[in-house]
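Please read them with the structure open beside you.

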Amino acid sequence: MKYLFLVITVLVFTSVLSADRLVRLYDVSPGSATDLIEEGYDVTNIDMRRGYVDIMLPERELDQAVLLSYKYEVLSREWGELLPENRDGAGYYYDPEENWAFWCSLAENYSDLSDTPVTIGQSYEGRDIYMIKMTSPTTGYKPPIYFSSLIHAREPGGNSVLIDFAMWLTSNYDGGDTRAAYILDNTTVYFVPVGNPDGYAYNMPGGGMHRKNMNWSAGGDGVDLNRNWGYMWGYDNSGSSPYPNDPTYRGDSAFSEPETQVQRDFITDLEPIAAMNYHSYGKWLIYPYGYEYDTYTPDQSTFVAWSAVMTAENGYFAGTAPECLYTVNGEQNDWMYGGNEEQGIMAFTPEVGTSFWGGQNDSSVIVANCADCRPMNIFICMTAPGFVGVSGESEVGIEPLLSLNSVYPNPAISSASFRITTSGSSNVNVSIYDTSGRIVNSFESGNLVGGTSSLNWDVPQEIPAGVYTARISDAAGNCDSRRFTVMR
Ligand SMILES: [Zn+2]
């Protein structure tokens with residue numbers, strides 16, 4: 001009986017795709033927004049800058065009591081008036097088959113740059129989850145950078161950004177934009193374009209609104225794969241739900257789902273240095289930590305500095321999840337940064353555009369979204385390798401004879417103070433590197449007496465805002481380094 005009900009539900013859902021509507025609530029306080037999530041509403045976007053929240057409601061529930069306490073607007077259908085030629089698949093977005101065909105054809109046309117898709121595991125329903133490795137024939141250490149999309153099944157906007165970036169890299173490598181050659185000569189770019197293949201297939205044709213995977217065994221309608229990761233999983237019930245019917249149901253344990261296991265194992269082997277995990281929508285650029293207010297990674301100043309550059313042109317709003325939307329736990333960025341013993345991966349989540357399926361019948365929407373996001377992808381690929389390469393030195397030595405304890409304030413504006421510990425009287429050289437490894441400033445400490453002392457430094461006017469590494473060394477060859485940020 002239950003199975004029959006399920007079948008009927010599926011049929012009804014796929015045949016009457018317009019049964020859910022987006023409703024925009026106005027003048028919602030941040031606290032009330034969180035309450036809506038905890039009450040189980042499918043909150044698709046919170047925009048505190050403009051003071052509204054979008055929720056998804058079945059059409060028959062549009063008069064729900066909650067609406068009475070807010071001004072609201074039922075938004076126009078995104079998929080209701082499909083052009084006939086776009087009835088199939090995902091319209092101008094790439095449906096599952098078109099994705100596969102695209103990545104295969106890229107490997108065919110640019111066999112020296114792009115590998116054919118490789119299966120890294122299977123979904124709950126047994127579909128392949130695949131990755132594509134892209135780099136040039138140059139040799140040497142080429143740090144991995146990770147791109148993913150469609151872990152939420154109704155968010156193809158991020159998928160088109162990956163496709164755009166892959167096309168840009170390959171078509172510009174030979175004689176086009178020199179940054180493409182720089183990236184493929186110095187890094188290895190990995191794409192996991194369809195993180196939730198079951199949910200995406202379920203949303204076909206036409207573009208459904210299913211978000212989670214297709215593991216309905218807990219009695220609900222799937223697990224939210226971006227609440228199922230194993231760092232601070234189930235920390236609290238804010239933005240992450242223990243109830244199987246909720247849109248943010250996190251599963252019954254961390255990494256309970258095959259889809260998150262597959263990406264976890266691949267990332268653990270790969271050890272990428274940076275990641276762009278694409279979602280939609282809202283024009284956000286989100287970085288860790290998401291699980292708690294006022295909780296930041298040790299690389300907070302770097303996240304702030306990088307995201308300031310990344311969002312300078314496209315107007316995306318950057319911050320941690322609580323700063324942008326609401327607290328979440330069991331989310332991919334938090335695990336990639338905090339759940340990884342080896343190294344905090346500089347992981348970002350761009351929330352692309354202003355709707356889930358807005359480009360389905362209007363390719364100009366997709367083109368605009370890709371134009372917004374491509375510079376962020378280029379920035380990450382060009383910046384992350386230098387950043388990691390220089391900072392690696394700070395790991396040297398368990399009981400350092402020479403230690404750079406802190407740079408204060410961080411970010412620095414006009415001056416900074418380096419707290420340095422030496423084992424005895426010594427002269428210390430301080431060199432300041434930018435992210436590409438160039439020395440932008442260098443000076444001597446004079447004779448330090450031993451123990452801990454502060455060394456003041458006036459930030460030269462000609463040094464632009466950005467991320468820097470201070471490296472200290474002494475005549476005996478001891479050294480230490482620390483990252484900091486300069487703001488202007
Ligand atoms: Zn999402």
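1. Ser415 lies in strand β14, which spans residues 415–422; strands here are DSSP runs of E of at least two residues, as helices are runs of H or I of at least four, both numbered from the N terminus. The model is a predicted one, in which local features need pLDDT of at least 70 and side-chain atom pairs count only at pLDDT 80 or more, while totals for chains, interfaces and linings use all residues. Residues are numbered from 1 along each chain as its sequence is written.

2. Ser415 is exposed because 11 other C-beta atoms lie within 10 Å, where 12 or fewer counts as exposed, 20 or more as buried, and anything in between as partly exposed, with C-beta atoms placed from the backbone. Leaving aside residues up to four places away in sequence, Ser415 touches Asn456, Trp457, Asp458 and Val459, a contact being two C-beta atoms, placed from the backbone, within 7 Å. Val459 is 44 residues from Ser415 along the chain, yet their C-alpha atoms are separated by 5.0 Å.

3. Elsewhere, an open sheet is formed by four strands in the order β2-β3-β1-β4, with antiparallel pairing; strands pair if DSSP finds at least two bridges between them. Its edge strands, β2 (42–47) and β4 (71–74), each pair on one side only. Strand β2 is joined to β3 (residues 52–58) by five bridges, and Asp42 stands opposite Met56 in β3.

4. On confidence, the mean pLDDT (the predictor's confidence in each residue, from 0 to 100) is 86 for the protein, and 89% of its residues reach 70 or more. Over residues 79–86 pLDDT stays under 50, and the model has 15 contacts beyond four places in sequence for this stretch.
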